[in-house]
Amino acid sequence: MPLRLLAIVLAEVVSILCVLLIAGHGPWAGPVLLGLSEDHGLNAGDVPVLGLWLLGLAACAGLWRRGAP
């Protein structure tokens, strides 16, 4: 599999997992940091998820650059 295709697939998987983890509400969600509506917002528990998502996208960027001709 070419590295650029792998980077695209990995970016999609990491992004979908990020959305699923942020959309869920659990006891570990923590206090709301940024309210987007009455029922939704950015919780303290979402911060590590966003950090890992950014790290995953940085890894995808590295794969993308290595796959360049």
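This is a predicted model: local features need pLDDT of at least 70, side-chain atom pairs count only at pLDDT 80 or more; totals for chains, interfaces and linings use all residues.
**View 1. Helix 1, its length and its buried face.** Seen down the axis of helix 1, its buried residues fall within an arc of 75 degrees, so they line one face of the helix. These buried residues are Ala7, Ala11, Val14 and Cys18, and the buried residues of helix 1 pack against helix 2, which runs over residues 46–66. On the other side of helix 1, the residues Ile16, Val19, Leu20 and Ala23 are exposed.

View 2. Met1, Leu3, Leu5, Leu6, Val9, Val13, Ile16, Leu17 and Leu20 together make a nonpolar surface patch of about 820 Å². One of the residues in this patch is Val13, which belongs to helix 1, residues 3–23. Val13 has a relative accessibility of 42% and therefore counts as partly exposed, whereas Ile16 and Leu20, which also contribute to the patch, are exposed residues of helix 1.

View 3. Helix 2 has 21 residues and reaches 31 Å from its first C-alpha to its last, which is close to the 30 Å expected at 1.5 Å a residue. Within helix 2, the residues Asp46, Val49, Gly56 and Cys60 are buried. Around the axis they cover an arc of only 80 degrees, which puts them on the same side of helix 2. The buried residues of helix 2 pack against helix 1 and strand 2, while the face turned away from this buried side carries the exposed residues Leu54, Leu55, Arg65 and Arg66.

View 4. Asn43 lies in strand 2, which comprises residues 41–43. With a relative accessible area of 7%, Asn43 is under the 20% limit and is therefore buried. When its neighbours within four places in sequence are left aside, Asn43 is in contact with His25, Ala29, Gly30, Pro31, Val32 and Leu33.

View 5. Pro27 lies in the loop between helix 1 and strand 1, the latter covering residues 32–35. In contrast to the buried Asn43, Pro27 is exposed, with a relative accessible area of 78%. Although Pro27 and Gly45 are 18 residues apart along the chain, their C-alpha atoms are separated by 9.5 Å.

Conventions: Residues are numbered from 1 along each chain as its sequence is written. Side-chain values use heavy atoms; hydrogens and water are left out. Patches are made of residues with over 30% relative accessible area and no salt bridge: like charges are joined within 9 Å, nonpolar side chains (Val, Leu, Ile, Met, Phe, Trp, Tyr) within 5 Å. Accessible areas come from the Shrake-Rupley method with a 1.4 Å probe; for residues, only the protein chains shown count as cover. A salt bridge is a side-chain nitrogen of Lys or Arg within 4 Å of a carboxyl oxygen of Asp or Glu. Helices (H or I, at least four residues) and strands (E, at least two) are DSSP runs, numbered from the N terminus. Buried means under 20% relative accessible area, exposed over 50%, partly exposed in between (1.4 Å probe, protein chains only). Contact means heavy atoms within 4.5 Å. The arc is that of the directions from the helix axis to the C-beta atoms. The expected span of a helix is 1.5 Å times one less than its number of residues.
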